[in-house]
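Please keep the sequence and the structure at hand while reading.

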Amino acid sequence: MSTISWLEIFDKYNTQEIIMGKILKKVPGGFIVNVFGTEGFLPGSQVPQSLKEKGEGIVNNDINFKLIKINAFANNIVVSRTEIFEQEKKDAYIEAMKDIHVGDIYDAVVKNIVSYGVFATINNKIDGLIPSNELSWQYVNDISQIVSINDTIKVKVIKIDEESHKISFSHKECIPSPWTTIDSNVYYKNAIIGVTVSRVIEHGVIVSLENGCQGMLPTREIAWDDPEPDLTTKFGVGDKLKVKVLSLDTKKQKILLSLKQVQGKPINFIPVGKSVNCTIDYKTEDGLYLLTNKGISIFLPKTEISWVKKYDLNDYVDRNGKLKVKIIANAQSGKPATASLRQMYQDPMSAYVPKSIHKGCVSGELAKVYFVNFNDGLTGIILKESLHGYKLKKGLEIQTKVINSDKDNRRIILELHRESEFSGNDIMEMLNLKPSRTVGILKKMLSDAVTNGEIDTSYAAGSNFIREKAKDIL
């Protein structure tokens, strides 16, 4: 073989250009092919199954190849058909997809069943997925109960991904929707109907109606005396229930149902949020037991009496025994409904938002904090380190600014709110001085320092300046 031919072969190998060759004969492990006037080897592993099955039938055929291995010294050439075949197959698939459009309906053959749906083939070449929720108008718990491998079913193209060349099908779109034929004489508001549990979800139970529609039974409509029942232990797939229709919307394909309203409202039921007048029945260490006008027992925990104070329960027993409270939890498991007195009024903590100003009275102190009481009964704290040595006296009325407010833990962090400039009155309070010549000297020194630009007019700068100067004068 000439040198020029080997240069050409190396060039085709480096560029991975497709070349034409003739299959000369079948040999163990593959085929002998003619490329560039010399013999090469086509391994059986690099031959598509469709060509393998033809055996001797492909001898003397001209077929495209790619060079995958060359050795000029050993006069050895190895070619492959696999990559070209895969590309041709892909190109043919993409070309065939051009005739597929969203909305088209086909006969499809089920090829595989997986947990999330069914893979099916149309036109003997185009594969697509039927998601499990597109197999039936009802919830599909077991796909194998609906279709089997090799079944031929009608499908509708509902999505085509141009980039990935993936198609999604729907089988249920080829079946009349039960919502279009729902009988308004059977399924109407307040009607009592039979349903079957299909599945339990986080916020309720999905049920199947006798006509094939799916309905929703919310958690709040399960039981009067249990607002948060354990659905997984209470219901199982296939359970038969009698429920009441609360609402029906055929356009949105929604039907809302209630189980508790079929069972009837308990005699001691009072809806959460309702305010009721009561008389005090008796007290315990934990709170007060009340009676409504209808004789229904209600429990008022002592923690729900006041937002700010810890009252002696005897105070309430002595007040003619009458209270108006708000129901905050339904009766359940033999326990009465729970009520709140404080939730009849706005929580005063709502006013203590960061940066808000409040007038209070210093009520005491610990090693690191001062306590400040407010007229609404709340108490906040001022960290002593935030005062930079300034001391507060018990009983002193002060203006405070909220730094942080934690409503859940009833905690208010404050700072002393002063005017922006440090004044002569502040000097006297800080140094415990009465009006005197010393105060006048310090005020003059402070004024000169501000005028000369030595310090700014902030409270912190003024108090620090006076503290240092007072050491020299006093």
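A residue counts as buried under 20% relative accessible area and as exposed over 50%, with partly exposed in between. The model discussed here is predicted. By the rule applied, it has 6 salt bridges, and it holds 1 cavity of 30 Å³ or more.

**Salt bridges with partly exposed partners**

- Aspartate 107 and lysine 154 form a salt bridge whose closest N and O atoms are 3.1 Å apart, and this pair links distant parts of the chain, with aspartate 107 in strand S6 and lysine 154 in strand S9, 47 residues apart.
- Lysine 154 is partly exposed because its relative accessibility is 44%, and aspartate 107 is likewise partly exposed, with a relative accessible area of 47%.
- Glutamate 365 and lysine 384 meet through their side chains in a salt bridge of 2.5 Å, N to O, with glutamate 365 in strand S21 and lysine 384 in the loop between strand S23 and strand S24, 19 residues apart.
- Glutamate 365 counts as partly exposed at 45% relative accessibility, and lysine 384 counts as partly exposed at 22%.

- The side chains of arginine 342 and glutamate 304 meet in a salt bridge of 3.3 Å, N to O.
- Arginine 342 lies in the loop between strands S20 and S21 and glutamate 304 in the loop between strand S18 and helix H6, so the pair ties together parts that are 38 residues apart in sequence.
- Arginine 342 and glutamate 304 are both buried.

**Cavity**

- The lining residues of the largest cavity divide into 4 nonpolar, 2 polar and 1 charged.

Key: Residues numbered from 1 in each chain as written. Predicted model: local features only at pLDDT ≥ 70, side-chain atom pairs only at ≥ 80, totals over all residues. Heavy atoms only, no water. 1 Å grid on protein atoms, 1.4 Å probe; cavity = no way out; pocket = protein on both sides within 12 Å on 5 of 7 lines; lining within 4 Å. Points joined across faces, edges and corners; volume = space filled by probe spheres on them. Nonpolar A, V, L, I, M, F, W, Y, C, P; charged D, E, K, R; others polar. Salt bridge = Lys/Arg side-chain N within 4 Å of Asp/Glu carboxyl O. Helix = DSSP H or I, 4+ residues; strand = E, 2+ residues; numbered from the N terminus. Buried < 20%, exposed > 50% of the residue type's maximum accessible area, 1.4 Å probe, protein only.
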